[in-house]
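Reader: I have a new model open on my screen, and I would like to go through the terms used for it. Could you take me through them?

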Amino acid sequence: MLDWIIRNATVVDGVQGEFQADVAIEGDKIAAVLPVGASVEAAHTLDASGLVLTPGTIDIHRHADLMPVLDQPWSELPQGLTTMISGNCGFSPVPNAPDTFEAVREYALPILGRIPDWVCGKTTGQFYDEMEKRSLKINCGYLVGNGDLRRSVTGFSDAPLTAVQLDAICGKLDEALCDGAMGLSMGIMYTPECYYNTDELSRVAAVAAKHGRPVTSHIRGEGRSVVASVDEMIEIGKRSGAHIHISHMKAAGTDMWGHAVNVMLDHIDRARREGLEISFDAYPYTAGSTTLLSLFPPETLAQGTEGVLKQIADPKGRAYILSQFAVQREGWDNFIQTLGWGRVIVSGSSNKEEVGKTIQELADQTGCDPGEYALDLLAREKGCVPTVLEEMAPDDVRKILTRPDCIVISDSLYSAAGMPHPRKYGAFQRFLCQYVKEEKALTRQQAIAKMTCMPARLFGLEKRGRVLEGYYADLTLMDWDKLRDRATYTDPIQDSEGVTHVFVNGQLAFADKQATSCAAGRLLRCRA
């Protein structure tokens with residue numbers, strides 16, 4: 001007998017169009033997609049009349065590396081997520097080196113949350129083995145972060161890599177990919193990856209290409225250098241032979257709005273015509289989220305968080321940082337110049353009165369220079385200050401997201417401090433509501449494809465991302481009329497509405513607006 005029969009559903013598969021069907025589940029797979037009213041029996045029946053049935057949402061860009069070991073509810077399920085991939089933007093908990101572990105943990109705190117002590121000194125394979133023992137509500141896959149590969153070899157140093165060091169980085173990457181990492185992620189805007197040159201990045205990317213795994217990248221700059229940064233990734237793809245995937249495509253800064261996106265997309269299209277495998281993703285918000293430290297000039301970050309705090313405490317170091325906030329220069333996107341402190345919102349602080357306000361607002365309240373306020377804030381919070389940046393134009397976001405080749409992501413951060421970006425709770429419902437229900441810029445099928453089969457194809461997730469016989473029964477049911485995101489910048493910790501049921505590997509994981517007791521998720525590892 002079948003385990004489940006879902007009857008009378010409106011299936012939106014992302015490829016086949018919309019159709020009415022009964023969907024049968026046996027074990028962890030879809031046993032059959034049947035005509036409505038098919039004569040079959042199952043242990044459980046779910047009447048999906050009036051509901052839309054889609055493949056489970058796949059978010060390929062979350063910073064949820066530690067979610068299996070965090071004591072918090074899985075916010076992914078109310079959004080219909082059944083699979084997520086972490087280890088993005090060059091950040092991953094492993095590999096790491098014991099002598100730099102504490103510095104790495106401090107640096108990653110606003111992105112990943114606090115890395116547990118037991119992770120110290122672990123290899124990628126050892127970390128994955130531990131995650132396989134954990135209770136997973138949804139499927140979890142991991143990229144290995146290029147930043148942590150380098151930090152495990154050189155720390156935060158800005159010194160040029162030696163041949164031995166580069167070989168060591170490539171060796172650790174090869175080991176991680178053999179242990180099941182789904183690809184390599186770069187975060188070239190962050191330290192110490194910002195100290196890599198294009199030749200070195202191409203050498204590292206070639207290791208991923210050898211394994212047939214993609215290279216995702218938070219590119220070197222997203223403001224005035226954004227076009228050059230996209231071109232750099234295209235060059236890395238050509239030299240290495242790797243599939244290049246550009247993360248959270250955007251043009252940040254008012255002087256980039258309205259024109260840079262067109263140039264970037266043209267360059268990507270040309271590279272494809274020339275034979276390069278290249279793709280990209282984006283999230284449906286005009287504001288991004290990062291750390292306050294990421295706005296600092298790269299040379300000030302060479303000694304990690306502790307080094308920055310020493311510079312802030314030293315009058316000469318402090319004066320230098322403030323002087324750099326006031327200038328534009330080659331090789332660094334100074335967002336303080338292109339956005340201003342009035343677009344930098346504090347989303348985490350020990351002082352609750354600061355959270356949700358811009359640096360400019362807080363400085364004006366105290367009669368302080370905003371740069372000085374930012375440095376004092378960082379010193380008080382010991383370098384851990386998550387922020388939200390109002391950086392993109394709505395028309396640019398729309399142009400990117402509505403392209404047929406754009407995958408939709410959330411780019412959720414998992415810092416335990418302060419308010420998260422609302423995308424952690426509402427990205428996919430926001431995308432569907434704005435671009436399908438309200439603007440009608442996309443059909444339901446086009447939109448669902450961006451959240452399911454397209455990301456599954458990119459990462460080679462076999463038998464996931466479709467409603468087909470023999471595929472894993474990762475399924476989402478939603479009441480289309482009630483679908484809406486509730487999370488806002490001022491009140492972000494609010495689950496989206498409209499998702500009624502979620503199946504993960506054939507088991508009911510979410511119903512009646514809450515997670516069930518089952519933990520049917522699996523660790524997804526690529527095997528050579």
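Reader: Happy to start with the overall form: why does the radius of gyration of the protein chain agree with a compact globule?

Author: Good place to begin, and please keep in mind that this is a predicted model. For 528 residues, a compact globule would have a radius of gyration near 24 Å, and the protein chain has 23 Å, so the two agree. Along its principal axes, the C-alpha trace spans about 80 × 50 × 45 Å. Buried residues make up 63% of the 528 residues.

Reader: What makes A24 count as buried?

Author: The cut-off is under 20% relative accessible area. A24 has 1% relative accessibility, so A24 counts as buried. This residue lies in strand 2, residues 18-26. Leaving aside neighbours within four places in sequence, A24 is in contact with L2, W4, I5, K29, I30, A31, A32 and L34. The C-alpha atoms of A24 and L34 are separated by 7.6 Å, with the two residues ten apart along the chain.

Reader: Why are the buried residues of helix 8 said to line one face of the helix?

Author: Let me name them: in helix 8, residues 304-313, the buried ones are G304, T305, G307, V308 and I312. Viewed down the helix axis they fall within an arc of 160°, so they line one face. As background, an α-helix has 3.6 residues a turn, so residues three or four places apart point the same way. The face turned away from the buried side carries the exposed residues E306, K310 and A313.

Reader: And which helices do the buried residues of helix 8 pack against?

Author: They pack against helix 1 (101-112), helix 9 (315-325) and helix 12 (370-380).

Reader: What is the phi of C89, and is C89 buried or exposed?

Author: C89 has a positive phi of about 60° although it is not a glycine. With 4% relative accessibility against a cut-off of under 20%, C89 counts as buried. C89 sits in the loop between strand 7 and helix 1, and P95 is found in the loop between strand 7 (81-86) and helix 1. The peptide bond from V94 to P95 is cis, with omega near -5°.

Reader: How do you know that N505 is buried?

Author: By the cut-off again: the relative accessible area of N505 is 3%, and buried means under 20%, so N505 is buried. N505 lies in the loop between strand 19 (499-504) and strand 20 (507-511). Its phi is positive, about 50°, although N505 is not a glycine.

Methods
Residues numbered from 1 in each chain as written. Predicted model: local features only at pLDDT ≥ 70, side-chain atom pairs only at ≥ 80, totals over all residues. Heavy atoms only, no water. Rg over C-alpha atoms; globule rule 2.2 N^0.38 Å. Buried < 20%, exposed > 50% of the residue type's maximum accessible area, 1.4 Å probe, protein only. Helix = DSSP H or I, 4+ residues; strand = E, 2+ residues; numbered from the N terminus. Arc of directions from axis to C-beta. Contact = heavy atoms within 4.5 Å.
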